[in-house]
Amino acid sequence: MYRILFAASEAYPLITTGGLGDVAGALPAALKRLGCDVRLVLPAYRDALAVARRPQRVARLAITPGQLEVDVLETRLPGTGVKVWLIHHPPAYDRPGNPYLDPAGQPWADNAMRFALFARALAALALDRAGLGWRPHVMHAHDWETGLAPALLQHEPQRPATLFTIHNLSYQGLFPYASFVALGLRPALWSAEALEFHGQLSFIKGGLVFADHLTTVSPSYAREIQTPAFGYGLDGLLRHRGQHLTGILNGIDERRWNPATDAHLRKPYGKRRLADKGVSKLALQQECGFEPGADVPVVASIGRLVAQKGTDLVIEAVPALLDLGVQLVVLGRGEASYERALVELAARYRRRVHVHIGYDEPFSHRVEGGADMFLMPSRFEPCGLNQLYSLRYGTVPVVHAVGGLADTVVDAGEAQLAKGSATGFGFSAPTIEAMLGAMDRAIALYRQPARWRHLMLNGMRQSFGWRRSAERYLELYGALNARARDVP
Ligand code: ADP
């Protein structure tokens with residue numbers, strides 16, 4: 001049985017802002033079911049502490065430099081039984097709201113300190129310096145917030161194997177040189193072969209350079225980030241590490257996202273009760289103030305309102321989309337200019353465009369349940385989760401065929417339709433023309449109810465549970481552990 005120290009800056013349902021939180025909330029439980037002894041480690045944000053059940057202090061660490069006192073609080077991940085260790089240091093984490101951004105939407109000014117502290121606590125736990133009598137075989141760390149931990153462990157003879165997962169290469173944790181000095185990191189780490197990135201301190205490089213192995217969240221994204229178009233200047237490093245970089249598709253929480261048991265839906269439905277999806281559709285149309293109509297295609301978009309997700313393409317294409325005769329519902333929050341533009345569009349097209357600015361999980365379920373199509377024109381997409389939820393809900397995805405979207409949605413070309421493998425629509429460039437072309441094809445098929453039903457059912461039959469992905473991680477842990485030293 002492998003002992004896994006699983007480190008992330010968010011995990012559902014304690015704290016979450018997106019896909020990473022979903023993954024860190026589900027993968028540890030799937031690993032536990034496969035027999036791993038997992039400890040999930042998170043910063044003790046105020047909002048996470050408010051949700052955590054009876055956190056108990058189990059250790060106190062003195063973190064250098066400065067001998068900062070940090071408590072390790074133990075709790076369980078609600079609904080899973082996975083043990084969670086919360087790194088409690090109120091000056092760093094006891095503040096409300098978003099883990100990364102202040103109320104003005106800017107990164108917290110002390111993020112370098114906050115996540116360096118987190119990484120130092122992780123390194124201490126990885127070496128059992130907290131005296132907890134538990135030493136991991138593998139430290140599995142995620143995204144830039146944990147990036148310094150593999151770098152800190154590099155020269156420790158007793159260290160566990162290290163695995164670093166990239167959920168989104170565009171978030172790198174870049175800080176000025178002054179932060180490098182202030183953090184008291186070893187001077188040798190200031191080099192282009194280590195943490196320096198064009199004169200800045202790069203947290204993510206700590207993971208990319210020093211972890212024994214790297215993964216990212218889909219096979220296509222693993223290939224794409226080794227090219228200049230998707231590599232953010234790190235493609236050379238990633239090509240160099242190409243032999244130690246694997247793409248493993250994320251799973252979804254099939255209990256949380258199941259139209260047959262979803263308490264957010266007015267009437268649950270499934271493959272054998274597909275007509276009942278119409279109840280959710282009508283309810284959504286009413287909620288959005290749309291003209292009710294079973295024949296009017298409802299198109300949905302949920303996610304962060306940022307250029308990555310192609311929000312600008314959706315905004316610009318609204319008149320053309322409406323010309324196709326659809327009703328459009330958008331749920332998200334993000335860049336202020338996109339939020340404003342969407343709110344204006346909703347005011348202009350009151351009965352046909354509904355915009356909900358915010359993070360609203362219940363509404364996201366009602367949207368998945370009620371919509372006919374899910375539009376996802378991401379410019380890049382490491383894995384993407386909403387197209388997977390959509391497949392499960394019979395809400396046909398229309399996606400830019402990139403990254404995880406290319407790996408999970410099978411385009412409804414004639415051949416794939418004939419074979420019965422089609423599950424959605426893909427377009428090959430992140431442009432309005434290409435997106436509208438795919439939407440055109442989607443609407444045309446929607447007008448052929450029998451074939452559309454077939455497409456919905458194909459999607460609903462796909463399986464994207466965590467078990468298969470967790471088995472792949474387990475194989476990797478085994479291979480890494482075989483190479484690691486000194487862990488009995
Ligand atoms: P990313 O991690 O890049 O934001 P993913 O598709 O991997 O994108 O995951 C996003 C997750 O966050 C999904 O579970 C999605 O449903 C959820 N989500 C994003 N924005 C919202 C929102 N405004 N309201 C509710 N859920 C949201």
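Count the salt bridges here (a side-chain nitrogen of Lys or Arg within 4 Å of a carboxyl oxygen of Asp or Glu) and you get 21. Keep in mind that this is a predicted model, where local features need pLDDT of at least 70, side-chain atom pairs count only at pLDDT 80 or more, and totals for chains, interfaces and linings use all residues. Residues are numbered from 1 along each chain as its sequence is written, and side-chain values use heavy atoms, with hydrogens and water left out.

Let's start with R392 and E254, whose closest N and O atoms sit 4.0 Å apart. R392 belongs to helix α15 (residues 386-392) and E254 to the loop between β12 (245-247) and α11 (277-288), so this pair ties together parts 138 residues apart in sequence. Helices (H or I, at least four residues) and strands (E, at least two) are DSSP runs, numbered from the N terminus. R392 is buried at 17% relative accessible area, while E254 is partly exposed at 26%; buried means under 20%, exposed over 50%, and partly exposed in between (1.4 Å probe, protein chains only).

Next up is K309 with E381, at 2.9 Å between the closest N and O atoms. K309 is in the loop between β13 and α12 (311-323) and E381 in the loop between β16 (373-376) and α15, so parts 72 residues apart in sequence get tied together. Here K309 counts as buried at 19%, and E381 is buried at 3%.

There's also a network: salt bridges with shared partners join D22, R256 and E361.
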